[in-house]
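Dear colleague,

Please find the structure below, handed over for your own work. The findings follow after it.

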Amino acid sequence: DTGVSQDPRHKITKRGQNVTFRCDPISEHNRLYWYRQTLGQGPEFLTYFQNEAQLEKSRLLSDRFSAERPKGSFSTLEIQRTEQGDSAMYLCASTGQGGTDTQYFGPGTRLTVL
Amino acid sequence: ILNVEQSPQSLHVQEGDSTNFTCSFPSSNFYALHWYRWETAKSPEALFVMTLNGDEKKKGRISATLNTKEGYSYLYIKGSQPEDSATYLCAPQTGANNLFFGTGTRLTVIP
């Protein structure tokens, strides 16, 4: 399968714990995006990378959130000191050139913070 | 933040019925409009990317139109089938990067 993959698919954690999610984009894609979807809402943009450079961050991305894409391939999203409000579906997408190119999404990681 | 509205919020139709949904968005700073279909436990699937006023796109029984001047897009499904049951999301794009998603229309096709 050459689509976007995400790991884990589900994560349950206790409030205050740190969690890390991984996204593997389509191999030739140089742009990678993170989105978050909460109940009843559409996905909301968090951040995006072009190769290894993080070029844009949403105001939704608090100081407890950090994303990396060290070699311009896979990306990780870490949430420190999780809060119940962080419970959401975290989606990753990738695209080749940006612009009006289609963003291809992974299946998401569903985070539940108890 | 972009104010994107999708209607209806949810919809039940009988198998074989045709249906349509609406996506409304601000017409200023328009760059592109994306439609996705998202089935439970799967990845959102890209349906269309539309850029020009008056654009019409078609994929099988699904088609979409775009009016950038008044800020809306319609998605049509002809002869709905149970496998069409999903949430349909529209996402306007104002620049070369991130998408602004609506809350979606949840379609259920009753066999």
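To which residue does a disulfide join C23(B)? The partner is C90(B), with 2.0 Å from S to S; a disulfide here is a pair of cysteine sulfur atoms within 2.5 Å. The angle about the S-S bond is 70°, and the link of C23(B) and C90(B) is right-handed. Strands (E, at least two residues) are DSSP runs, numbered from the N terminus. Both C23(B) and C90(B) are buried, where buried means under 20% relative accessible area, exposed over 50%, and partly exposed in between (1.4 Å probe, protein chains only).

Before the rest, the conventions. This is a predicted model, in which local features need pLDDT of at least 70 and side-chain atom pairs count only at pLDDT 80 or more, while totals for chains, interfaces and linings use all residues. Residues are numbered from 1 along each chain as its sequence is written, chains are lettered from A and ligands numbered from 1 in the order in which they are written, and side-chain values use heavy atoms, with hydrogens and water left out.

**The disulfide of chain A**

A search of the whole structure finds 2 disulfides over all chains. In chain A, a disulfide joins C23(A) to C92(A), with an S to S distance of 1.8 Å. This pair links distant parts of the chain, since C23(A) is in strand β3 (residues 19-24) and C92(A) in strand β9 (residues 88-95) of chain A, 69 residues apart. The link of C23(A) and C92(A) is left-handed, with -65° about the S-S bond. C23(A) is buried at 0% relative accessibility, and C92(A) is likewise buried at 0%.

**A sheet in chain A**

An open sheet of 4 strands in chain A has the order β1-β3-β8-β7, with antiparallel pairing; two strands pair if DSSP finds at least two bridges between them. β1 (5-7) and β7 (65-68) of chain A stand at the edges with a single partner strand each, so one side of each has no neighbour in the sheet. From one strand to the next, the twist averages 15°. β7(A) is joined by 4 bridges to β8 (residues 75-79) of chain A, and the two run antiparallel. Within this pairing, S66(A) stands opposite E78(A) in β8(A).

**Aromatic contacts**

How many aromatic pairs does the structure hold over all chains? There are 14, a pair being rings of Phe, Tyr and Trp (its six-membered ring) with centres within 6.5 Å, and planes under 30 degrees apart counting as stacked, over 60 as edge-to-face and the rest as tilted. One of them is the edge-to-face pair of F105(A) and F101(B), with 5.9 Å centre to centre and 75° between the planes. This pair crosses between chains, from strand β10 (residues 104-105) of chain A to the loop between β9 and β10 (105-110) of chain B. F105(A) and F101(B) are both buried.

F21(B) and Y88(B) form a tilted pair, 5.3 Å centre to centre with 45° between the planes. F21(B) in strand β3 and Y88(B) in strand β9 of chain B are 67 residues apart. F21(B) is buried at 0% relative accessible area, as is Y88(B) at 0%.

One aromatic cluster is formed by Y33(A), Y35(A), F45(A), Y48(A), F105(A), Y36(B) and F101(B).

With kind regards

Note on methods
Axes are lines fitted to C-alpha atoms, for helices over the stretch in contact, and angles run from 0 to 180 degrees between N-to-C directions.
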